[in-house]
Amino acid sequence: MKVVISIGGSIIASPVNPEYIKNFSKLLSKLHGEGYKLMVVVGGGRLAREYIEAAKKLGASDDYCDEIGIAATRMNAMLLISALGSEAKNMQVTGGTELGQTTDAVAAKLAGKHRARLLIIATNVAGVYDADPNKNKTAKKFDSLTSEQLLKIVGRKYHPGLAAVVDPIAAEVIHRSKIKTVVVDGRKLENIENAIKGKRHGGTVIE
Ligand SMILES: Nc1ncnc2c1ncn2[C@@H]1O[C@H](COP(=O)(O)OP(=O)(O)OP(=O)(O)O)[C@@H](O)[C@H]1O
Ligand SMILES: [Mg+2]
C-alpha cells in the first residue's frame with residue numbers, strides 16, 4: 001500500500017526536535033517492514049518562516065522567498081534522512097520542490113502521480129476546523145469533509161510561508177485526483193500510524 005506523508009515542519013522542526021525525528025524515523029522503518037511503500041515530504045517549519053520573513057525585509061521577491069523556504073524544507077528532510085540512516089534507501093524522503101506551493105501541495109501531487117492509496121497530512125492541530133483554531137476558540141473540527149468542502153474552507157490565496165492546515169494548491173490537487181486524505185495531529189505519532197492503518201486517529205478524513 002502506497003502512502004504519502006506530509007510531515008509538518010511545525011512538528012519536526014519548530015524548534016528542531018531530534019527526539020521526535022528519531023521516533024518518527026522508527027515509525028517509518030516499522031511501516032516499511034510491514035509492507036507500506038512510503039513517500040515522505042518534510043515541511044519548512046520555523047526555519048523557513050524566519051528566513052522568509054528576513055528575506056522579505058531584505059527585499060527578496062516572492063519566488064526567491066520560496067527558494068529560501070525550499071532550502072529550509074531540505075534541511076529538515078536531511079535531519080529525517082540522518083535519523084533513518086540506512087533505512088532511508090527504503091523510502092522516498094524529500095523537502096519542497098516547486099516555487100509557489102507548500103510541501104502539502106508537493107505531497108498531494110506525489111500522491112496523485114503515484115496513485116497512492118492515502119495522503120496523510122500530519123500537522124500541529126487536531127484536523128481541519130471551520131476556522132483557524134489558534135485564532136478562534138469556538139472553531140469546530142470536522143471529522144470528515146468532501147474535497148469540495150475542503151476547497152471552500154482553505155480559500156485560494158498562496159504566499160510564501162503560508163500557514164494553512166492544507167494549502168489551496170494541495171486542496172485543489174486532492175480534489176482533482178480524488179486522493180483520500182487524512183489530516184491528523186502528528187504531534188502524537190500514534191495518530192499517524194492509526195490513520196494509515198484505518199484505526200481511530202481523531203483527525204479529519206477528506207474523500
Ligand atoms: N481551518 C483551519 N483548520 C485548522 N488549522 C488551521 C485552519 N486555518 C489555519 N490553520 C492553522 O494552520 C496551522 C498549521 O499549518 P502550519 O503551516 O502552521 O503547520 P504545518 O503545515 O504543520 O508546518 P509547515 O508548514 O511548517 O511544514 C495550525 O496551527 C492553525 O493555526
Ligand atoms: Mg504548512
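## Ligand 1 and its surroundings

A polar contact is a pair of N or O atoms within 3.5 Å, where, within protein, one must be able to donate a hydrogen and the other to accept it, and residues adjacent in sequence count only if both atoms are side-chain atoms. A backbone N or O atom of Tyr 129 lies at 3.0 Å from a nitrogen atom of ligand 1. An oxygen atom of ligand 1 stands 2.7 Å from a backbone N or O atom of Gly 45, and an oxygen atom of the ligand is 2.8 Å from an N or O atom in the side chain of Asn 124. On its own, ligand 1 has 640 Å² of accessible area, of which the protein covers 88%; such areas come from the Shrake-Rupley method with a 1.4 Å probe, and for residues only the protein chains shown count as cover.

## Basis of the model

This is a predicted model, in which local features need pLDDT of at least 70 and side-chain atom pairs count only at pLDDT 80 or more, while totals for chains, interfaces and linings use all residues. Residues are numbered from 1 along each chain as its sequence is written, chains are lettered from A and ligands numbered from 1 in the order in which they are written, and side-chain values use heavy atoms, with hydrogens and water left out.

## The nonpolar cores

A nonpolar core is a set of buried Ala, Val, Leu, Ile, Met, Phe, Trp, Tyr and Cys residues joined through side-chain atoms within 4.5 Å, and buried means under 20% relative accessible area, exposed over 50%, and partly exposed in between (1.4 Å probe, protein chains only). The largest such core has 33 residues, of which Ile 5, Ile 7, Phe 24, Leu 28, Leu 80, Ile 120 and Ile 192 touch the most other members. Among the elements that give it two or more residues are β1 (2-7), α2 (18-33), β2 (37-42), α4 (62-84) and β4 (118-123), and the largest share, six residues, comes from α2.

Leaving aside neighbours within four places in sequence, Leu 80 is in contact (heavy atoms within 4.5 Å) with Ile 21, Phe 24, Ser 25, Leu 28, Val 40, Val 42 and Val 93.

Ala 122 lies in strand β4 and counts as buried because its relative accessibility is 1%. Not counting residues up to four places away in sequence, Ala 122 touches Ser 6, Ile 7, Gly 8, Ile 11, Val 184, Gly 186 and Ile 192. Asn 76, found in helix α4, is likewise buried, at 2% relative accessibility, and with the neighbours within four places set aside, Asn 76 is in contact with Ile 12, Ala 13, Val 42, Gly 43, Gly 44 and Gly 45.

His 201 lies in the loop between α8 and β7 (204-206) and is buried, with a relative accessible area of 16%. The side chain of His 201 reaches the backbone nitrogen of Gly 203 at 2.9 Å.

Eight of the eleven residues of α5 are buried, so the helix is largely enclosed by the rest of the structure. The cover over its buried residues includes β1, β2, α4, β3 (92-94), β4 and α7. At the start of α5, a side-chain oxygen of Thr 102 reaches to within 3.2 Å of the backbone nitrogen of Asp 104.

Just after α5, Arg 115 takes a positive phi of about 45°, although Arg 115 is not a glycine. Arg 115 is placed in the loop between α5 (103-113) and β4, and counts as exposed because its relative accessibility is 74%.

Technical notes
Helices (H or I, at least four residues) and strands (E, at least two) are DSSP runs, numbered from the N terminus.
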